[in-house]
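Colleague: I am new to this structure and would like to learn how to read it step by step. Could we look at it together?

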Amino acid sequence: MRCTHCELRNMKLPGTAGGLCIPCYALERQTAPRRTSQGMTLANFVSDPCMGCGSHAVDANGWAFWCDACGMQVAVAYPDS
Ligand SMILES: [Zn+2]
Ligand SMILES: [Zn+2]
């Protein structure tokens with residue numbers, strides 16, 4: 001399944017209008033920050049390359065994002081419904 005935004009990369013994460021690849025998810029999070037049920041804005045750690053170590057060895061499975069190079073792993077927030 002291709003990313004619904006760029007249609008170039010495989011979808012990895014949930015977006016507001018469908019599945020997104022990692023770069024498009026990061027872009028969506030920049031323009032529309034997601035909030036927790038407590039109303040707190042979540043920091044976005046999803047990026048390609050990894051913002052922690054700069055590696056492209058990043059992947060995601062729809063509910064988590066991780067970097068194989070530095071071992072960072074974060075849970076991914078779902079869009080506001
Ligand atoms: Zn995309
Ligand atoms: Zn990393």
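Modeller: Let us begin with burial: a residue is called buried under 20% relative accessible area, exposed over 50%, and partly exposed in between, with a 1.4 Å probe and protein chains only. By that rule Cys50, at 4% relative accessibility, counts as buried, whereas Cys53, at 39%, counts as partly exposed. Over the chain, buried residues make up 35% of the 81 residues.

Colleague: What should I keep in mind about where these values come from?

Modeller: This is a predicted model, in which local features need pLDDT of at least 70 and side-chain atom pairs count only at pLDDT 80 or more, while totals for chains, interfaces and linings use all residues. Residues are numbered from 1 along each chain as its sequence is written, chains are lettered from A and ligands numbered from 1 in the order in which they are written, and side-chain values use heavy atoms, with hydrogens and water left out.

Colleague: What is the mean pLDDT of the chain?

Modeller: pLDDT is the predictor's confidence in each residue, from 0 to 100. Here the mean for the chain is 85, and 79% of its residues reach 70 or more.

Colleague: In what order do the elements of the chain run from the N terminus?

Modeller: Helices (H or I, at least four residues) and strands (E, at least two) are DSSP runs, numbered from the N terminus. The chain has 1 helix and 5 strands, and their order is β-β-α-β-β-β.

Colleague: Why is the arrangement around the zinc ion (ligand 2) called tetrahedral?

Modeller: Four donors count as tetrahedral if all angles lie between 85 and 135 degrees. The 4 donor atoms around ligand 2 subtend angles of 107 to 114°, which makes the arrangement tetrahedral. These donors are the SG atoms of Cys50, Cys53, Cys67 and Cys70, lying 2.3 Å from the zinc ion.

Definitions and conventions:
Donors are N, O and S atoms within 2.8 Å of the metal (3.2 Å for Na, K and Ca); water is not among the atoms, so sites may look incomplete. Four donors count as tetrahedral if all angles lie between 85 and 135 degrees; four count as square planar and six as octahedral if opposite donors are over 155 degrees apart and all others between 65 and 115; anything else is irregular.
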